[in-house]
Amino acid sequence: MTPYDFKYPDATRRRRFRPIPVRMLVPNVITLLAICAGLTAIRLSIEGRMALAVYAIVFAAALDGIDGRIARLIKGQSKFGAELDSLADFVNFGVAPGLMLYFWQLHELGNAGWIAAMVFAISGGLRLARFNATMDDPNKPAFAANFFTGVPAPAGAITVLLPIYAAFLELGRWPATVTAAYTLLIAFLMVSRLPVFSGKTVRMRVPPELVLPAFVAVIFFIALLISYPWHILSAGTVLYLLSLPLGYKSYRDQARAADATAPSTSEVAQPQSSASLTANLPDQAHDDRPERLH
């Protein structure tokens with residue numbers, strides 16, 4: 001038993017924590033639901049129910065897209081939430097897609113297939129670690145906030161599953177070697193320095209007369225995704241891959257424009273004229289130092 005301190009009775013009391021507002025819990029609950037979806041995708045892929053596994057990954061990506069926005073909307077950001085979100089992204093968009101591809105086809109290659117799946121999962125973790133490390137980089141130019149460095153993890157997870165989409169579209173099953181090479185390509189794009197347009201800083205305001213049409217467009221897209229999932233996912237993946245060079249070109253153009261408008265900091269110092277050098281010399285006529293010091 002701990003002896004009671006009669007001099008400082010408050011020191012023996014159990015520390016009480018302040019109650020946590022509900023608005024701080026809501027984003028974390030959404031993130032936990034995303035983790036559940038990613039883990040369920042792994043189980044479904046082991047059981048051979050690949051279609052449901054893909055649906056689970058898409059659902060996790062949708063939750064990942066809204067948890068941060070909801071946190072900022074209700075002012076529920078926290079350090080705990082940021083760390084939990086990074087863990088969820090690694091599980092959902094690194095580990096789960098790699099294992100899904102391995103159980104679906106890459107296991108046919110033996111160790112080579114496992115290496116491809118493992119490289120993709122590790123690339124997802126490295127990409128997230130780099131994102132967290134450079135998030136508050138003070139040397140980053142202002143326009144760079146609108147770009148990701150490398151393909152983001154959710155987009156990489158949706159993109160790397162293209163061989164599965166093609167199989168469900170009855171376009172033919174890719175050879176296992178092609179699937180492994182494609183998996184490594186997406187892993188390379190995730191850890192590369194390729195600027196990828198993010199759209200986070202784009203603020204779009206919908207005119208009042210277009211609010212209802214915007215709702216109808218969103219519902220129409222969701223209906224298409226539910227009715228024709230493999231067509232929409234395949235088309236979206238191809239369009240996303242084709243848009244990567246456009247993002248790189250936009251980044252380069254903005255970088256050149258910023259360099260052109262920035263003040264030059266490497267101006268070469270102009271040599272002083274002989275008149276200025278003469279003016280800076282001490283006045284020999286009024287120098288009363290001894291001759292040996294001249």
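Let's start with one residue. Thr 237 is buried, with a relative accessible area of 2%. The cut-off for buried is under 20%, so Thr 237 qualifies. A word of caution: this is a predicted model.

Where does Thr 237 sit? It is found in helix α9, which covers residues 229-261. Its side chain reaches back to the backbone: the backbone oxygen of Leu 233 is 2.8 Å away. And which residues does Thr 237 touch, leaving aside those up to four places away in sequence? Ile 158, Thr 159, Leu 162, Tyr 165 and Tyr 182.

Now step back to the whole chain. It has 294 residues, and 33% of them count as buried. The secondary structure comes to ten helices and two strands. Reading from the N terminus, the order is α-α-α-α-β-α-α-α-β-α-α-α. Take the contacts with a separation of 6 or more: 80% of them join residues 24 or more positions apart.

Next, helix packing. Two pairs, and α4 is in both.

First pair: α3 and α4. Helix α3 is residues 79-104, and helix α4 is residues 111-133. Their axes lie 8 Å apart, at an angle of about 165°. That makes α3 roughly antiparallel to α4, because angles over 145 degrees count that way. The crossing of these two helices is right-handed.

Who meets whom? On the α3 side, the residues include Phe 90, Phe 93, Gly 94, Pro 97, Gly 98 and Tyr 102. On the α4 side, they include Trp 114, Ala 117, Phe 120, Ala 121, Gly 124 and Leu 128. By class, the contact of α3 with α4 has eleven nonpolar, seven polar and one charged residues. Asp 89 of α3 is among the residues in this contact, and Asp belongs to the charged class.

Helix α7 is residues 176-191. Here the angle is about 10°, and the axes are 8 Å apart. Parallel or antiparallel? Roughly parallel, therefore.

From α4, the contact draws on Ala 116, Val 119, Phe 120, Ser 123, Gly 124, Leu 126, Arg 127 and Arg 130. From α7, it draws on Ala 180, Thr 183, Leu 184, Ile 186, Ala 187, Met 190 and Val 191. How do these residues divide by class? Ten are nonpolar, three polar and two charged.

One detail to look for on screen. Phe 120 and Gly 124 of α4 meet α3, and Phe 120 and Gly 124 also take part in the contact with α7.

How values were computed:
Residues are numbered from 1 along each chain as its sequence is written. This is a predicted model: local features need pLDDT of at least 70, side-chain atom pairs count only at pLDDT 80 or more; totals for chains, interfaces and linings use all residues. Side-chain values use heavy atoms; hydrogens and water are left out. Axes are lines fitted to C-alpha atoms, for helices over the stretch in contact, and angles run from 0 to 180 degrees between N-to-C directions. Helices (H or I, at least four residues) and strands (E, at least two) are DSSP runs, numbered from the N terminus. Angles under 35 degrees count as roughly parallel, over 145 as roughly antiparallel, 65 to 115 as roughly perpendicular and the rest as oblique. A crossing is left-handed if the near helix is turned anticlockwise from the far one by less than a right angle, and right-handed if clockwise. Contact means heavy atoms within 4.5 Å. Buried means under 20% relative accessible area, exposed over 50%, partly exposed in between (1.4 Å probe, protein chains only). A polar contact is a pair of N or O atoms within 3.5 Å; within protein, one must be able to donate a hydrogen and the other to accept it, and residues adjacent in sequence count only if both atoms are side-chain atoms.
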